Amino acid sequence: QNEAVKLISSKSSELDYFRELSTRLEEILLGQTSQIESMGNNLLQRRTTDPPDHLREVILRELQRLIDLAHRLRDAIHDTLLAIFTAENRVERAETKLKIDAQTQLLSPIGLEGAFEQWKQAGAAGHKPACLALIGLDQFKNLNELLGTRHADALLTAAAKVCAETIRKDRGFDRIARLQGDTLAIFYGDVSIRSSVSAVER
């Protein structure tokens with residue numbers, strides 16, 4: 001993180017429009033650096049004479065915190081890339097791997113933005129309604145802490161699969177994406193609000 005912050009800072013004068021984005025990314029990286037140092041100190045304070053169950057609990061807790069930080073950094077990087085691609089009108093030319101969320105195989109935020117651009121270019125935006133539904137998993141953070149990242153990720157992947165199976169594939173312009181964390185988004189490109197609500201409730 002420190003090396004990344006140094007690199008961003010050294011290029012800040014060249015970033016112009018993207019300077020605000022770089023500042024936000026710097027803040028996230030610096031914040032995570034201090035948290036990672038705190039985790040390391042917590043682990044160093046443990047003694048080999050501590051009860052094994054207690055040691056295991058501490059290690060698992062700190063690893064969970066580290067995984068959470070990695071997820072937050074991933075989301076921040078995706079947000080930054082999306083802002084850059086959108087500003088430079090090159091969302092559709094982004095690499096395929098950036099358009100797909102690796103865990104759920106749904107569209108990523110960049111992929112969803114690209115789909116939205118396709119919908120607009122098809123001429124539908126001028127005379128058809130559009131709706132965006134946001135879906136979150138209740139108590140997902142608590143489940144993450146209780147069951148661990150592996151089981152929580154499996155639950156999220158299963159939920160994403162179920163949601164993906166509900167959208168139309170033979171007609172219309174329905175697209176589903178993972179925005180960040182446990183938040184999914186379904187874009188209905190030619191559906192009224194009433195029909196969208198019915199679709200989401202199903």
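Helices (H or I, at least four residues) and strands (E, at least two) are taken here as DSSP runs, numbered from the N terminus. On this basis the protein has eight helices and three strands, arranged along the sequence as α-α-α-α-α-β-α-α-β-β-α. The model is predicted, and local features need pLDDT of at least 70, side-chain atom pairs count only at pLDDT 80 or more, while totals for chains, interfaces and linings use all residues. Residues are numbered from 1 along each chain as its sequence is written, and side-chain values use heavy atoms, with hydrogens and water left out.

With burial defined by relative accessible area (buried under 20%, exposed over 50%, partly exposed in between; 1.4 Å probe, protein chains only), 34% of the 202 residues count as buried. The protein exposes about 12,800 Å², of which carbon and sulfur atoms supply 55%; these areas come from the Shrake-Rupley method with a 1.4 Å probe, and for residues only the protein chains shown count as cover. Taking a contact as heavy atoms within 4.5 Å, 60% of the contacts with a separation of 6 or more are accounted for by residues 24 or more positions apart.

Attention then turns to the interior. In soluble globular proteins, nonpolar side chains tend to be buried together. A nonpolar core is a set of buried Ala, Val, Leu, Ile, Met, Phe, Trp, Tyr and Cys residues joined through side-chain atoms within 4.5 Å. The largest such core holds 13 residues, and Leu-106, Ile-176, Leu-184, Ile-186 and Tyr-188 touch the most other members. Two or more residues of this core are given by each of strand E1 (131-135), helix H7 (149-166) and strand E3 (183-188). Apart from it lies another core, of eight residues, including Leu-112, Ala-177, Ala-185 and Phe-187. Beyond its neighbours within four places in sequence, Leu-106 has contacts that include Ala-160, Ala-164, Ile-176 and Leu-184, together with Asp-101 and Arg-178.

Those last two residues also meet in a charged pair. Side chains of opposite charge can pair when their charged atoms come close. With a salt bridge defined as a side-chain nitrogen of Lys or Arg within 4 Å of a carboxyl oxygen of Asp or Glu, the count comes to two. In one, the closest N and O atoms of Arg-178 and Asp-101 are 3.4 Å apart. This pair links distant parts of the chain, 77 residues apart: Arg-178 belongs to strand E2 (residues 174-180), and Asp-101 to the loop between helix H4 (96-99) and helix H5 (109-121). Both Arg-178 and Asp-101 are buried. In the other, Lys-97 pairs with Glu-95 at 3.8 Å between the closest N and O atoms. Here Lys-97 is exposed at 63% relative accessible area, and Glu-95 is partly exposed at 49%.

The surface has a nonpolar feature too. Patches are made of residues with over 30% relative accessible area and no salt bridge, like charges being joined within 9 Å and nonpolar side chains (Val, Leu, Ile, Met, Phe, Trp, Tyr) within 5 Å. Ile-36, Leu-43, Ile-59, Leu-60, Leu-63 and Leu-66 make a nonpolar patch of about 490 Å². Helix H2 (19-44) and helix H3 (52-87) each give two or more residues to the patch, and H3 provides the largest share, with four. Leu-66, which lies in helix H3, is partly exposed at 39%.

Finally, Ser-195 is placed in helix H8 (residues 193-201) and is partly exposed at 37% relative accessibility. Ser-195 and Cys-131 are 64 residues apart in sequence, with their C-alpha atoms 9.6 Å apart in space.
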